[in-house]
Amino acid sequence: MSLLVFTITLEAAVAAIAVLAAMKGRPYLYGLAITFAVYVLYDLGRLLGWDVGAGVLPWLFLAATLSALYAVWGLYRERA
């Protein structure tokens, strides 16, 4: 198994666990699920040689960053 396939598997696991946690009353964790789903898409694209336009990737990573910000803000507020 290549390192990239292993990484994709771990990213998908993080996304799935984040969804399960979000469904238990912590909706901001959907932010982490979205972040890692974007990572999965990006790495799958690299693995499968998808031709993704250069203009698409910055928007995907902006979405991932904003969703991660939402998640950590929710975690901060939960513990504050």
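In which helix do R46 and D43 lie, and how many residues apart are they? Please begin there and continue with the rest of that helix and its partners.

Modeller: The model is a predicted one. R46 and D43 both belong to helix 2, at a separation of three residues, or about one turn of the helix. Their side chains meet in a salt bridge, with an N to O distance of 3.5 Å. D43 counts as buried because its relative accessibility is 6%, under the limit of 20%.

For context, the secondary structure of the protein consists of three helices and zero strands, and the pattern read along the sequence is α-α-α. The C-alpha atoms fill a box of roughly 45 × 30 × 15 Å along the principal axes. Of the 80 residues, 24% count as buried, and D43 is buried.

The search of the whole structure finds two salt bridges. Besides the bridge between R46 and D43, there is one between E78 and R26, in which the closest N and O atoms are 2.9 Å apart. This pair links distant parts of the chain: E78 lies in helix 3 (residues 56–79), whereas R26 lies in the loop between helix 1 (3–22) and helix 2 (30–48), and the two are 52 residues apart. E78 is partly exposed, with a relative accessible area of 31%. R26 is likewise partly exposed, at 27%.

Helix 2 also carries aromatic residues. The structure holds four aromatic pairs. In one of them, the ring centres of Y39 and F61 are 6.4 Å apart and the planes stand at 40°, so this pair is tilted. Because Y39 lies in helix 2 and F61 in helix 3, the pair ties together parts that are 22 residues apart in sequence. Y39 counts as partly exposed, at 29% relative accessibility, and F61 is partly exposed as well, with a relative accessible area of 32%. F61 also forms an aromatic pair with Y42 that is edge-to-face, at 5.2 Å centre to centre and with 70° between the planes. Since Y42 lies in helix 2 and F61 in helix 3, this pair ties together parts that are 19 residues apart in sequence. Y42 counts as partly exposed, its relative accessibility being 28%. F36, Y39, Y42 and F61 form one aromatic cluster.

T35 is another residue of helix 2. T35 is buried, because its relative accessible area of 2% falls under 20%. The side chain of T35 reaches the backbone oxygen of G31 at 2.9 Å. A polar atom of the T35 side chain also lies 3.1 Å from the backbone nitrogen of A68. With neighbours within four places in sequence left aside, T35 is in contact with A64, S67 and A68.

L41 is in helix 2 and counts as partly exposed, at 46% relative accessibility. The accessible surface of the protein as a whole comes to about 5500 Å², of which 73% belongs to carbon and sulfur atoms.

Among contacts between residues at least 6 apart in sequence, 65% join residues at least 24 apart.

Terms used
Residues are numbered from 1 along each chain as its sequence is written. Side-chain values use heavy atoms; hydrogens and water are left out. A salt bridge is a side-chain nitrogen of Lys or Arg within 4 Å of a carboxyl oxygen of Asp or Glu. Helices (H or I, at least four residues) and strands (E, at least two) are DSSP runs, numbered from the N terminus. Buried means under 20% relative accessible area, exposed over 50%, partly exposed in between (1.4 Å probe, protein chains only). Rings of Phe, Tyr and Trp (its six-membered ring) pair if their centres lie within 6.5 Å; planes under 30 degrees apart count as stacked, over 60 as edge-to-face and the rest as tilted. A polar contact is a pair of N or O atoms within 3.5 Å; within protein, one must be able to donate a hydrogen and the other to accept it, and residues adjacent in sequence count only if both atoms are side-chain atoms. Contact means heavy atoms within 4.5 Å. Accessible areas come from the Shrake-Rupley method with a 1.4 Å probe; for residues, only the protein chains shown count as cover.
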